[in-house]
Amino acid sequence: MTDGGGLDAGFLAPPTDPAGLTPEQAMDLAVVLAGNGPAFGPNPRVGCVITDDRGRVLGQGWHKGAGTPHAEVAALANARERGANVAGATAHVTLEPCNHTGRTGPCADALTDAGIGRVYYAVKDPGDASAGGASTLNARGIPAEHHSHGGALAITERWRHAMERGRPYVIAKWAATLDGRMAAADGTSFWITGEAAREHAHQVRGSVDAIAVGTATVEMDDPSLSARPGGTEAGHQPLRVVVGSRDTSAAKVWRDDNVVGIATHKPEEVLAALWAREVRTLVVEGGPTLLSAFLRARLVDEINAYIAPALLGSGPSVVADLGIGTMAGALRGQNVTATRLGADTLVTAHLSGGI
């Protein structure tokens, strides 16, 4: 699990091979650069590499987050810093250049103004407002060709999923025993899983926009809901979301203004409120009432289940009644993986048709 980190240098050195990079290699490099951008935030991670007709790198860059230059503009700036002439050059971009003015201007215009001669892009932009950059470039006589790339698809998958559905990508997260208990009969739950599993969960928190819990969980556990990988507060802290109408104002979750209360029991309303706040990835951490509400509404896209090799035999279950009466109606995970984390196992499964 990464949190958007990657390269330490400002850019990779151009290849020493005088033959330069092939278009495939240039896109590989663009994907690596994209990984430097933050996994959280309303914008996707995007990388761009500009090459001459021999495949030599003239400039490269990546998007560093909302409000900063997009990858194409960063790559053009890098080329200028290096004294490179990009007229007639080829831009290899992991995502279709944008075609609208948001916090920054259209990348299609920036590429046109710089005299770029050709564009290869790996992922089509699913946005209603931002898409269309390829058509604009083609209309201006600048060939813009789509060449799919698995790495570019993988690094944008949650963002694309959110944009296509107009709601945050939802991860349901829980820690449980082998028999599905989230706590003992006396209510104790610290700690079901070991240090490695808890560390991974904190890394996930540091890579998403928001974390949601119900008011019952706030009353029972008084969680901090902070991202603390390595035991230290991360630079990025997800928005803390308390769902429900009960008064929990005395809890430590309300310790600063990085928290919002949503007084509803309808997952659709929760997601609509968070989408308006530019939340694109949401982790729902519990309790069972909230988790079950999202599952019943078929609004969970991914499950992260941390399973400890322990048995309790009693105590609250992770998931409450889903209204499923037969095996034929069971929610089935897709693209399932199991990862060993110390003595525990992380089982990841995708729902809603998978991604």
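Two strands count as paired when DSSP finds at least two bridges between them. By that rule β8 and β9 pair, in the parallel sense and over four bridges. The model shown in every view is predicted.

**View A. Eight strands make an open sheet.** The strand order is β9-β8-β7-β10-β6-β11-β13-β12, and the pairing is mixed. β9 (259-262) and β12 (334-341) are the edge strands, each pairing on one side only. From one strand to the next, the twist averages 20 degrees.

**View B. Strands β8 and β9 run parallel.** β8 covers residues 239-243. Which residue of β9 is the bridge partner of V241? The partner is V260. Strands of a sheet pair through backbone hydrogen bonds, in a parallel or antiparallel sense.

**View C. Helices α9 and α10 lie across strands of the sheet.** Helix α9 (residues 267-276) lies across β6 (169-177), β8, β9 and β10 (281-286). The helix runs at about 145 degrees to β9. Helix α10 (residues 288-296) lies across β6, β7 (210-214), β8 and β10. The angle between α10 and β10 is about 130 degrees.

**View D. The largest nonpolar core holds 37 residues.** Which members touch the most others? They are I50, V86, A91, I116 and V119. Elements that each supply at least two residues of this core include α1 (23-34), β1 (47-51), β2 (57-62) and α2 (71-81). Also among them are β3 (90-93), α3 (107-114), β4 (118-121) and α4 (133-139). Helix α1 gives the most, with six residues. Another core, of 27 residues, lies apart from this one; W174, A212, V241 and V300 are among its members.

**View E. I50 and its contacts.** Leaving aside residues up to four places away in sequence, I50 touches R56, V57, L58 and G59, among others. The contacts of I50 also include A75, L76, V86 and A89. T90, A91 and I116 are among them too.

**View F. Helix α1 packs through its buried residues.** This helix has twelve residues. From first C-alpha to last, α1 reaches 16 Å, close to the 16 Å expected at 1.5 Å a residue. Which residues of α1 are buried? They are A26, M27, L29, A30, V31, L33 and A34. An α-helix has 3.6 residues a turn, so residues three or four places apart point the same way. The buried residues of α1 pack against β1, β2, β3, β4 and α5 (150-155).

**View G. R158 and E302 form a salt bridge.** Their closest N and O atoms are 3.1 Å apart. The pair links distant parts of the chain, 144 residues apart. R158 sits in helix α6 (residues 157-165) and E302 in strand β11 (residues 302-308). Are these two residues buried or exposed? R158 is buried, as is E302.

**View H. R167 and D301 form a salt bridge.** The closest N and O atoms are 2.8 Å apart. R167 lies in the loop between α6 and β6, and D301 in the loop between α10 and β11, so the pair ties together parts that are 134 residues apart in sequence. R167 and D301 are both buried.

**View I. Further salt bridges.** The count for the model comes to ten salt bridges. The side chains of R165 and E164 meet in one, at 3.6 Å from N to O.

Conventions:
Residues numbered from 1 in each chain as written. Predicted model: local features only at pLDDT ≥ 70, side-chain atom pairs only at ≥ 80, totals over all residues. Heavy atoms only, no water. Axes fitted to C-alpha atoms, helices over the stretch in contact; angles between N-to-C directions. Contact = heavy atoms within 4.5 Å. Core = buried A, V, L, I, M, F, W, Y, C linked by side-chain atoms within 4.5 Å. Buried < 20%, exposed > 50% of the residue type's maximum accessible area, 1.4 Å probe, protein only. Expected span 1.5 Å × (residues − 1). Salt bridge = Lys/Arg side-chain N within 4 Å of Asp/Glu carboxyl O.
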